[in-house]
Amino acid sequence: MDGSGGGAYLRIRHLTKKFGDFVALQDVSLEVHEGEFVCFLGPSGCGKTTLLRAIAGLDIQTSGTIHQAGVDISSLPPGERDFGIVFQSYALFPNLTVTRNIAYGLENKKKSRAEIDERVSELIDLVGLDEHRDKYPAQLSGGQQQRVALARALATSPGLLLLDEPLSALDAKVRVHLRHEIKQLQDKIGVTTIMVTHDQEEALAMADRIVVMNQGFIEQISTPTDVYAKPVSPFVADFIGTTNFIDGVMTADGRISVAGVTIDASDDSSAFAAGDKVTICVRPEDVQVTESADGQNGSFEVTVSDIEFLGSFYRCHVIPKGGNGSGFKADLSANHARNLRLEEGRMLYALLPAEFVRVYASGETE
């Protein structure tokens, strides 16, 4: 499964990585374009870090090829590849100041003192650490240390920036602030960036495209909007965001019978025939809940069985009339919930709009 065509900056073809009998990556192919910010997203053990390490040459693939800027780097050692990397642990030198940490790569490349000083000053200014330039890592907060690690990775002006879960060690507030900073910085300097994360919110907020991985395979490569709204598999739908999975059966008129009611089918149900067992997926925020059925073609009666207050919205569980106790979740804004006089036991009407319903073969979600 590849990204869009054209001249890719990084081209990965049929990459497989085995550790003994364990297959960590299975025939992975993808393209990353110049200046793009791509996130590898997935649960622990899905292969995302292995793929990043293969790109860096830290774990050479068992088979397959990697081309960067048209050059085959498949078997090159890390020192001969053009990248900067930031690890989850920052990996700063504790005995070196901020200035010396950032200068380290430039000193190794035997740059002149004037060149080093100019580049370090430029980067310190870029990451907003001017007043901390003479401090040691232990004197900095986690967020400040991460900025130093980022500046150090960018010091040699690499063609590719690799970020291995760079924000996971930080607390939630700092993480949100720093992800915005990193994205702004990447936009400003235009470096092609790949970030590994298991945090769906992080990927949705930062990436131009997301590569969703599962058990060594790529499940989907798409924009954050499409990965969220048009998941190609139940795994993607379930891993990113909250969703409802409801068992159903295709009817003779091309509709779907679910939870005791019949709903209109979406375009992706055309592959199924009458009588086929299916599972539909619909996001709770896409369920439309109203006080009456007026003007709501396809709406049906539901009873509110449970309500969870989540700050800016309410998540309620509703059960269709005749649904044998099975139901689904609906998210309502606080304002809408007030207007509906939302309470347990209240009878309302729900609609599952066809354009927001995804249809999968029954059994795919198991």
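This is a predicted model: local features need pLDDT of at least 70, side-chain atom pairs count only at pLDDT 80 or more; totals for chains, interfaces and linings use all residues.
Me: What makes Ser-222 count as buried?
Reply: Its relative accessibility is 14%, and buried means under 20%. So Ser-222 falls on the buried side of that cut-off. As for its place, Ser-222 is in strand β10, residues 217-222.

Me: Which residues is Ser-222 in contact with, leaving aside neighbours within four places in sequence?
Reply: Arg-209, Ile-210 and Val-227. They count because contact means heavy atoms within 4.5 Å.

Me: How do you know that Ile-319 has partners beyond its own stretch of sequence?
Reply: Take Ser-305: it sits 14 residues from Ile-319 in sequence, yet the two C-alpha atoms are 6.8 Å apart. Once neighbours within four places are set aside, Ile-319 still touches Glu-301, Val-302, Thr-303, Ser-305, Gly-325, Ser-326 and Gly-327. Ile-319 itself belongs to strand β17, residues 313-320.

Me: What does Ile-102 touch, not counting residues up to four places away in sequence?
Reply: Val-120, Leu-123, Ile-124, Val-148, Ala-151, Arg-152 and Ala-155. Ile-102 is also one of the buried residues of helix α2 (residues 98-108), together with Val-98, Asn-101, Ala-103 and Leu-106.

Me: Which helices do the buried residues of α2 pack against?
Reply: They pack against α3 (113-126) and α4. Just after α2, Lys-110 has a positive phi of about 60 degrees.

Me: What share of the protein's contacts with a separation of 6 or more joins residues 24 or more positions apart?
Reply: That share is 66%. The secondary structure comes to 9 helices and 20 strands, and 48% of the 366 residues are buried.

Me: How much of the accessible surface belongs to carbon and sulfur atoms?
Reply: 47%, out of about 17000 Å². The C-alpha trace spans about 75 × 45 × 35 Å along its principal axes.

Me: How many side chains are positive, and how many negative?
Reply: There are 34 positive and 50 negative ones, and the centres of the two sets lie 5 Å apart.

Terms used:
Residues are numbered from 1 along each chain as its sequence is written. Side-chain values use heavy atoms; hydrogens and water are left out. Helices (H or I, at least four residues) and strands (E, at least two) are DSSP runs, numbered from the N terminus. Buried means under 20% relative accessible area, exposed over 50%, partly exposed in between (1.4 Å probe, protein chains only). Accessible areas come from the Shrake-Rupley method with a 1.4 Å probe; for residues, only the protein chains shown count as cover. Lys and Arg count as positive and Asp and Glu as negative; His and the chain ends are not counted. The place of a charge is taken as NZ of Lys, CZ of Arg, CG of Asp or CD of Glu.
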